[in-house]
Amino acid sequence: MTAVVLFTRDLRVHDHPALAAACRDHTTVVPLFVIDEQILAGPTASPNRAAVLAGALADLRSSLRELGGDLVIRRGDVVAETLRVAIETRADTVRASADVSAYAQRRERRLTSEASRAGVAVEFSPGVTVVPPGSLHPAGGDHYRVFTPYFRAWRQVGWRPAEPVPPVVPIPSGLHVGELPTPDDLIRGERSPKLPTAGESAGLRLLDNVVRRVAAGEPDYDDLAADQTSRLSPYLHLGCVSPLVAARRLSGRAPALIRQLAWRDFLHQVTAAFPAITTTDYRTRQTRWRHDDDALAAWRSGLTGIPIVDAGMRQLLAEGWMHNRARLITASFLTKTLGLDWRYGAAHFFRWLVDGDVANNAGNWQWVAGTGNDTRPNRVLNPIRQAHRFDPDGEYVRRHVPELAEVAGRAVHEPWRLSPAERAGLSYPAPLLDRPGSH
């Protein structure tokens with residue numbers, strides 16, 4: 001008996017339930033990744049994520065080869081190519097990890113339907129979240145809409161055991177495995193110059209480092225200059241690190257990171273129940289968004305004249321990543337201060353973020369915009385107060401906005417308050433707002 005294991009956002013061999021089950025229950029196993037032409041040609045394509053994906057696939061192939069297997073690469077429609085490989089190898093089963101986006105749910109339904117007509121069984125396993133999205137329900141509801149009660153239930157539910165790495169991945173002989181893609185084979189376009197090292201091997205090394213760092217207590221993750229965030233999000237997005245393994249290793253050591261993993265699960269169960277989250281307001285908003293192309297362009301480029309906002313936006317362009325506190329500040333500035341539609345911000349983030357995840361990106365943007373799961377939808381983050389609180393010496397701003405590198409201390413957050421002589425030497429734009437600290 002042969003099983004095809006379709007990899008999607010689960011590019012690892014540690015704690016991979018679908019792979020582990022296939023290796024236990026079948027004589028031969030075909031690990032498969034299909035380069036999805038529809039995603040590559042669509043509006044959500046990201047050159048940054050393409051580069052990280054290419055590296056993750058190379059690392060996954062290396063790991064599978066160490067186990068006696070290989071990674072089969074195909075390109076085209078995921079369902080059609082998966083069934084083509086299943087028929088070629090006379091597989092009786094296709095196994096995959098269940099996902100939550102509207103696109104993933106449609107793909108799973110198609111795969112199940114078309115495989116059934118071909119006489120091939122399809123089985124979906126957990127693995128994208130710590131707790132499967134459909135396993136927790138509030139009384140009288142299909143999903144949790146507020147995080148706090150969800151978190152209480154999440155902490156009380158038993159986590160499944162982590163799956164060990166299969167001792168061997170017995171791939172059929174004579175199968176053409178295909179060439180690994182380069183980033184340009186996937187998507188051409190401008191990329192950030194400082195992308196993280198890709199793949200499961202790098203992700204597990206980083207997790208080891210995070211566990212060591214929190215052994216003596218968690219750092220202040222909101223400190224922008226210190227940048228002590230875990231940086232695990234790109235590896236969680238592509239499944240190079242199992243969220244369950246991360247949660248098990250951090251449980252009892254890092255309550256703030258555990259809460260972040262639970263928040264990620266929360267947004268995944270919201271997205272599973274409301275897959276239109278990327279385009280449609282989860283919560284009705286009474287006021288209308290305004291249109292200002294110039295303000296949107298300035299925000300995207302990090303040229304708003306508000307240093308803390310510009311620092312975050314420039315970090316995004318340089319690294320394909322942004323500090324979480326800066327994400328909140330920049331998103332609040334776009335939606336609550338400038339009054340521009342959250343969908344513009346979500347699209348820009350999704351274009352650049354290496355951890356650009358459908359559930360997290362759309363869910364967090366809607367939370368900030370007041371259309372999502374925030375119980376205080378009118379919350380506004382004052383960017384100047386946020387800057388003084390979380391970057392008190394201005395180090396984060398000077399790191400990412402070199403025009404202000406010579407402005408000392410806290411003054412860097414409000415350059416419009418400098419004397420005319422001091423401002424004369426700065427090639428930095430005036431703020432978009434007349435009263436930047438008024439919100």
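This report walks through the fold, the sheet, the cores, the cysteines and a few single residues of the chain above.

## About the model

This is a predicted model, in which local features need pLDDT of at least 70, side-chain atom pairs count only at pLDDT 80 or more, and totals for chains, interfaces and linings use all residues. Residues are numbered from 1 along each chain as its sequence is written, and side-chain values use heavy atoms, with hydrogens and water left out.

## Overall build

Let's start with the whole chain. Its secondary structure comes to 19 helices and five strands; both are DSSP runs numbered from the N terminus, helices being H or I with at least four residues and strands E with at least two. Along the principal axes, the C-alpha atoms fill a box of roughly 75 × 50 × 45 Å. The radius of gyration (taken over C-alpha atoms) is set against a globule rule of 2.2 Å times the number of residues to the power 0.38. For 439 residues a compact globule would come out near 22 Å, and the chain agrees with that at 23 Å.

Of the 439 residues, 56% count as buried. Here buried means under 20% relative accessible area, exposed over 50%, and partly exposed in between, using a 1.4 Å probe and protein chains only. Among the contacts (heavy atoms within 4.5 Å) with a separation of 6 or more, 80% come from residues 24 or more positions apart.

The five strands form an open, parallel sheet in the order 3-2-1-4-5. Two strands are said to pair if DSSP finds at least two bridges between them. In general, strands of a sheet pair through backbone hydrogen bonds, either parallel or antiparallel. Strand 3 (72-76) and strand 5 (121-125) stand at the edges with a single partner strand each, so one side of each has no neighbour in the sheet. From one strand to the next, the twist averages 30°; axes are lines fitted to C-alpha atoms, for helices over the stretch in contact, with angles from 0 to 180 degrees between N-to-C directions.

Residues 2-7 make up strand 1, which pairs in the parallel sense with strand 4 (residues 93-97) over four bridges and with strand 2 over six bridges. Leu6 has a bridge partner on each of these strands: Ala96 in strand 4 and Leu32 in strand 2. Thr2, Val4 and Leu6 point one way from strand 1, while Ala3, Val5 and Phe7 point the other way, and all are buried. Helix 5 (residues 102-117) lies across strand 1, strand 2 (28-36), strand 4 and strand 5, running at about 150° to strand 5.

## Nonpolar cores

A nonpolar core is a set of buried Ala, Val, Leu, Ile, Met, Phe, Trp, Tyr and Cys residues joined through side-chain atoms within 4.5 Å. The largest has 68 residues, of which Leu11, Phe33 and Trp154 touch the most other members. Helix 3 (residues 47-66) gives the most to this core, with eight residues. Leaving aside neighbours within four places in sequence, the contacts of Leu11 include Phe33, Leu53, Leu57, Leu238 and Cys240. Apart from this core lies another of 40 residues, among them Ile308, Ala311, Ala331 and Trp365.

## Cysteines

A search of the whole structure finds zero disulfides, a disulfide being a pair of cysteine sulfur atoms within 2.5 Å. For Cys23, the nearest cysteine sulfur is that of Cys240, 18 Å away. Cys23 is buried at a relative accessible area of 17%, and Cys240 is buried too, at 2%.

## Residues worth a look

Thr8 sits in the loop between strand 1 and helix 1 (17-25). At 13% relative accessibility Thr8 counts as buried, and beyond residues up to four places away in sequence it touches Phe33, Ser97 and Arg107.

Arg90 is in the loop between helix 4 (78-88) and strand 4 and is exposed, at 76%. Asp227 belongs to the loop between helix 8 (200-213) and helix 9 (233-237) and is partly exposed, at 25%. Finally, Arg389 lies in helix 17 (residues 383-390) and is exposed at 63% relative accessibility.
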